[in-house]
Amino acid sequence: MKKSILLNSQELKITIDRLVCQLVENHKNFSNTILVGLQPRGKYLCEKILKILKSDYNIENPNHGLLDITFYRDDFRRSKKILKPSKTNFDLLVENRNVIFIDDVLFTGRSVRAALTAIESFGRPKSIELLILIDRRFSRELPIQPDYKGIQVDVYENQKVLIEWDDSINGNHAYIILTQDNE
Amino acid sequence: MNELSVKNLIGIKQLNLEDINLIFETADNFKEVINRPIKKVPSLRDVTIANLFFENSTRTKLSFELAQKRLSADIINFSASQSSVKKGETLIDTVNNILSMKVDIIVLRHPNAGAPMMLSDKISASIINAGDGAHEHPTQALLDSYSIREKLGEVKNKNILIVGDIRHSRVALSNIYALQLQGANVMVCGPKTLIPKYLHKLGVKVEYNLEKALKWCDVINMLRLQNERMSNSFFPSIREYVKHYGLTMSHLDSLDHDILVMHPGPINRGVEISTNVADSKYSIILDQVENGVAIRMAVIYLLAKKNIYKIQ
């Protein structure tokens with residue numbers, strides 16, 4: 001299995017900083033904005049963003065939550081794929097608020113489609129935007145595009161794009177790894 | 001583990017500990033769902049479920065129906081009193097007729113023990129036992145254990161007392177299996193005539209004195225007298241039963257520790273449980289009802305998940 005690093009931890013930091021900067025540009029003090037980390041992997045990026053908002057922009061604890069989309073997927077009963085739900089931690093109403101979905105990798109767009117349905121359980125948002133760290137271009141199955149994206153990559157369907165978040169080493173250490181299963 | 005080891009939920013006896021843990025973990029997620037402003041997920045929008053109730057039920061039927069609706073399943077309801085069963089149709093014929101309507105899951109309550117098991121050999125749809133005679137009532141036992149786990153952190157090593165009409169109770173048997181599987185200690189208490197003779201062979205402690213049993217337990221599960229299943233007289237009078245086995249506030253006040261009071265419903269106030277106790281801070285009866293919906297959603301979801309199909 002071949003692994004190649006797309007972004008090292010320094011580049012990753014610069015990318016996330018830029019994404020946060022763009023968010024602040026559009027959402028000012030976040031008073032009418034809710035950040036929604038899509039479980040399971042969007043949680044880590046959401047946490048990083050919250051940290052930077054606090055340290056660099058003095059925006060402390062903006063409205064945020066974690067949303068699990070397992071029960072809204074469109075492949076239930078259609079494959080043997082493991083669908084293990086994660087915890088939804090969301091005690092807010094999104095009625096008339098600006099929602100930002102946060103996830104690490106955008107692939108087929110089906111998770112985001114499920115999230116668009118899932119968020120309706122908490123009201124009718126004024127707007128929904130999508131923030132993505134890695135956009136797997138050319139692999140979309142639905143008409144969904146990110147509003148904020150870290151980097152764009154072109155990879156084959158049998159390749160995986162993974163982000164390993166590991167804060168335990170050197171304070172902040174993250175990899176983006178490209179794996180090719182049949183090598 | 002991400003999948004149940006069984007295709008049908010006939011009884012707790014057929015489950016293993018991993019199954020129970022998976023059901024509880026999934027129920028945790030559904031409990032969050034049913035506390036949202038919009039309490040519905042679309043997971044089962046292509047699943048049809050038939051609720052076949054050959055015996056009266058209020059709580060279980062409502063709870064199953066609500067669970068199915070929260071999962072967006074299509075449901076059909078059937079009760080024996082308003083059906084062709086009265087005209088002499090057999091159980092298998094009734095079920096086969098309903099299955100011709102392309103039903104994926106059957107929830108069955110039947111007065112005869114073993115009815116769901118018998119049916120499971122004959123049909124391809126998944127069956128959930130909603131109570132069969134005095135045999136098992138698995139979803140009730142699951143929600144009882146889930147409620148204990150929620151209040152006390154875990155079921156393992158807890159002392160659970162089941163009081164009342166053990167002989168005629170499917171809730172008691174399912175609870176005994178479920179609690180023991182999770183490592184709890186189980187004791188039953190009631191009049192000798194209402195405790196089956198060989199119950200101790202299941203590894204259950206038997207005590208005939210309620211006061212003694214109360215001192216031992218962390219949780220008490222009060223059962224109702226199943227008058228509809230009693231063909232003989234098992235005790236001299238209700239008054240005498242209440243005197244010896246009715247749970248009152250003075251019982252709870254006399255203990256040196258707090259206990260949880262549970263009841264599967266319907267409760268007979270003033271018989272097995274006094275009004276004060278049923279409405280007290282010790283009672284988790286209404287938590288059990290709420291958890292019932294989450295548990296049934298989890299069971300239905302997990303069984304539906306096993307039935308993978310391809311649109312041709």
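Q: In what order do the elements of chain A run from the N terminus on?
A: Helices (H or I, at least four residues) and strands (E, at least two) are DSSP runs, numbered from the N terminus. Chain A reads β-α-β-α-β-β-α-β-β-β-β, with 3 helices and 8 strands. This is a predicted model, in which local features need pLDDT of at least 70 and side-chain atom pairs count only at pLDDT 80 or more, while totals for chains, interfaces and linings use all residues. Residues are numbered from 1 along each chain as its sequence is written, and chains are lettered from A and ligands numbered from 1 in the order in which they are written.

Q: Where do the domains of chain B lie?
A: Bounds come from an automatic or database domain assignment. Chain B has domain 1 (12-136 + 290-305) and domain 2 (138-284), with C-alpha centres 25 Å apart. Their contact (C-beta atoms, placed from the backbone, within 7 Å) takes 22 residues from domain 1 of chain B and 21 residues from domain 2 of chain B. On the domain 1 side, α1 (17-33), β4 (126-132) and α11 (285-305) of chain B each supply at least two residues.

Q: Which strands form the open sheet of chain B, and in what order?
A: Two strands pair if DSSP finds at least two bridges between them. In chain B, 5 strands with parallel pairing follow the order β7-β6-β5-β8-β9. β7 (205-207) and β9 (260-262) of chain B are the edge strands, each pairing on one side only. Strand β8 (residues 219-222) of chain B has 3 bridges to β9(B); Ile220(B) has Val261(B) as its bridge partner.

Notes
Two residues are in contact if their C-beta atoms, placed from the backbone, lie within 7 Å.
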